[in-house]
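Visitor: Could you walk me through this model? I'd like to start with how the chains meet and then move on to whatever comes up.

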Amino acid sequence: MMTSIHHLPVEILFNVLVRLPVEDLIRCIGVCKSWWCLITHPNFISANLSFHKNCNGYLLHHKMGPSGRNLFSKLHMNTCVEHSCYEAPFSCETDFFQLVASSNGLICLSDLHHFFGKTIYLWNPCIWRLKVLRHSCFARHFRDGKFFFAIGVGFGQQGNDLKIVRIMYSGNFHLPIYVENQPPKVEVYSLATNSWRRVGTNAGYYTIDKLSTAYVNGAVHWVASKTGEGYRFRKFVLSFHFDSANFGEIMLPNYHHDGDGDSRRVSVAVLKDSLVLIVSCLNNYKIERCYIWVMREYGVAESWTKEYSIVPDERFSRTFGIINNHLLFESTVNGAELVSYDLENLQFKHLGIGRHYNHDLVTFSESLVLYHEGIPLTPRKYLIIEGGIHLGKRKWSVFLQLQKKWR
Amino acid sequence: MAIMYALKSSDNEIFEVEQKVIEQSETIKKMIEDGAATGEIPLQVSSKTLAKVLEWCKQRQHKTVENENDDNKGKRKKERDEDDDIKEWENKFSDELKADKDVLFDLLLASNYLDLPALLSFLCQLVADMVAGKMPEEIRRMFNIENDFTPEEEKAITAEHGWAFQP
């Protein structure tokens, strides 16, 4: 009789299957019960995640038109060849997604603009699982309508537990006013416990650049400015440490004399496990020069060092931050082509990708995370999901009515 | 003069092996260090499988010894040629195993038992490559696995993961 693979100890089978990419694992689930149990076990899911940790690709979020569908293209890291493109099989309240972060195979999305952070979507596009976070410890304040959020994604020091911090500010989205008696409210979500927990306030801080965040050293960082008298426009880096649940302040380097454009844009990023500040000097909506300041010793303001000064040789409209030692730009020519600048060889490279409506570019690695926690979606089918309710496309009017009610 | 050890397979065949070759096995290395390895070392591995294990170990040993003896000059070219040789040898080795899955599984068990991490990871990758890109039915046939799902369960799995089951 031929030997069956089942004569092997389970640890060998584990060692075999852990090497497979996610799509193969989904097929292996259908082989037999014992394989199904093994593959969907949390230990296997995290082992598979660590095994493929360095097999990253790019994920480009773009739209078909100014108000078109949300598409997510997976690109090979070195060749930039697109190997799959997903349409988000769900829509949010405004139908304009903002990609907040991509980690552990999950894409964290939220609504753009006014509703940013109110509902958070965790989506694993490889296994078509979605988790919608609609709850909040401060849900009763939602009724006032005068609030807005900043969110950051990261991990606890132990294990792979994905955590999300959400800061709720009172005020108007366009005219944020710090109200002395209404300090921001802060809560943290943990995927492992699937719950929000309030963590006190970060009184007085107001993060301004909600979209540029950097996760390093167990903390998420934003470029922020302090509100209140005498503090206006003084920028600094606000950090939130996930394990201690504490906020911190990091002074910025003196970048105000960098370049001579009419405006400067600053954002935080991570380069080789160090926190860095990208200063883009703009002139007439074109990047004239880019500086990268590296914080050599974490938390020590004196260690900020200006390490790179990059002069683009063509029209760049903005940067997408740093991915794997490459600073990424969006060019204004060739249909918003993406251009990378290698921070080791100091060379530009045209990636040959880019859409007219690029939104975000992040790294992406495949995983089975959310297999148990998420609701299964039907791939590429246009659905509206809000709080777990599936509605057909033709029921748009119903959705609008519900949306009014939820608001 | 290299120290030789005698390994005894489960079907009582004796294999004379150099210490350096067999020390790749953490299990045997420990036995030698503990002084438990006097005379013949009995192993719960068949002679057919043990021959394969030793084939692998000798190839690995060969590779490391040559690298040590090399001087830097012309090393790169030599290394590249060597890499090609090793690739070729590994391909032949894995083709043989793919053809005879009984030997493959026995070898997996033996590498686990003898604690040969390099061989174990090579074989696991080999099996993973065999599984990759195949449909559940093909995988079952290849590895002689019984489909123990009830029709209802199978239906539910296809409904949920059907998108992955299309070639």
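Visitor: How many residues does the contact take from chain A and from chain B?

Guide: This is a predicted model, in which local features need pLDDT of at least 70, side-chain atom pairs count only at pLDDT 80 or more, and totals for chains, interfaces and linings use all residues. The contact, meaning heavy atoms within 4.5 Å, takes 34 residues from chain A and 35 residues from chain B.

Visitor: And what area do they bury between them?

Guide: Chain A and chain B bury about 3000 Å², with 68% of it on carbon and sulfur atoms; buried area here is the accessible area (1.4 Å probe) that two parts lose on being put together, summed over both.

Visitor: How many salt bridges are there across that interface?

Guide: The rule, a side-chain nitrogen of Lys or Arg within 4 Å of a carboxyl oxygen of Asp or Glu, finds 2 salt bridges across the interface of chain A and chain B. One of them joins the side chains of A:Lys33 and B:Glu153, at 3.6 Å from N to O.

Visitor: Which element gives the largest share of chain A's side?

Guide: On the side of chain A that touches chain B, α1, α2 and α3 of chain A each supply at least two residues, and the largest share, 6 residues, comes from α2(A). Helices (H or I, at least four residues) and strands (E, at least two) are DSSP runs, numbered from the N terminus.

Visitor: Is α2 mostly covered or mostly open, then?

Guide: Helix α2 (residues 22-29) of chain A is mostly covered, with 7 of its 8 residues buried, where buried means under 20% relative accessible area, exposed over 50%, and partly exposed in between (1.4 Å probe, protein chains only). The cover over its buried residues includes α1 (10-17), α3 (33-39) and α4 (42-51) of chain A, together with α6 (117-131), α7 (136-143) and α8 (151-161) of chain B.

Visitor: What does A:Asn48 touch?

Guide: A:Asn48, in helix α4 of chain A, touches A:Val18, A:Leu20, A:Val22 and A:Leu25, not counting residues up to four places away in sequence. At 0% relative accessibility, A:Asn48 counts as buried.

Visitor: Switching topic: how many salt bridges over all chains?

Guide: The count comes to 15 salt bridges over all chains. Among them, A:Glu307 pairs with A:Arg296, the closest N and O atoms being 2.8 Å apart; because A:Glu307 lies in strand β20 (residues 304-310) and A:Arg296 in the loop between β19 (286-295) and β20 of chain A, the pair ties together parts that are 11 residues apart in sequence.

Visitor: Are those two buried or exposed?

Guide: A:Glu307 is partly exposed, with a relative accessible area of 35%, whereas A:Arg296 counts as exposed at 55% relative accessibility.

Visitor: What about chain B, which residues there are linked in a network?

Guide: B:Lys52, B:Glu55, B:Lys92 and B:Glu96 are linked in a network of salt bridges.

Visitor: Last one: what is phi of A:Trp128?

Guide: Phi of A:Trp128 is near 55°, a positive value in a residue other than glycine. A:Trp128 sits in the loop between β6 (120-124) and β7 (129-133) of chain A and is buried, with a relative accessible area of 3%. For reading these names, residues are numbered from 1 along each chain as its sequence is written, chains are lettered from A in the order in which they are written, and side-chain values use heavy atoms, with hydrogens and water left out.
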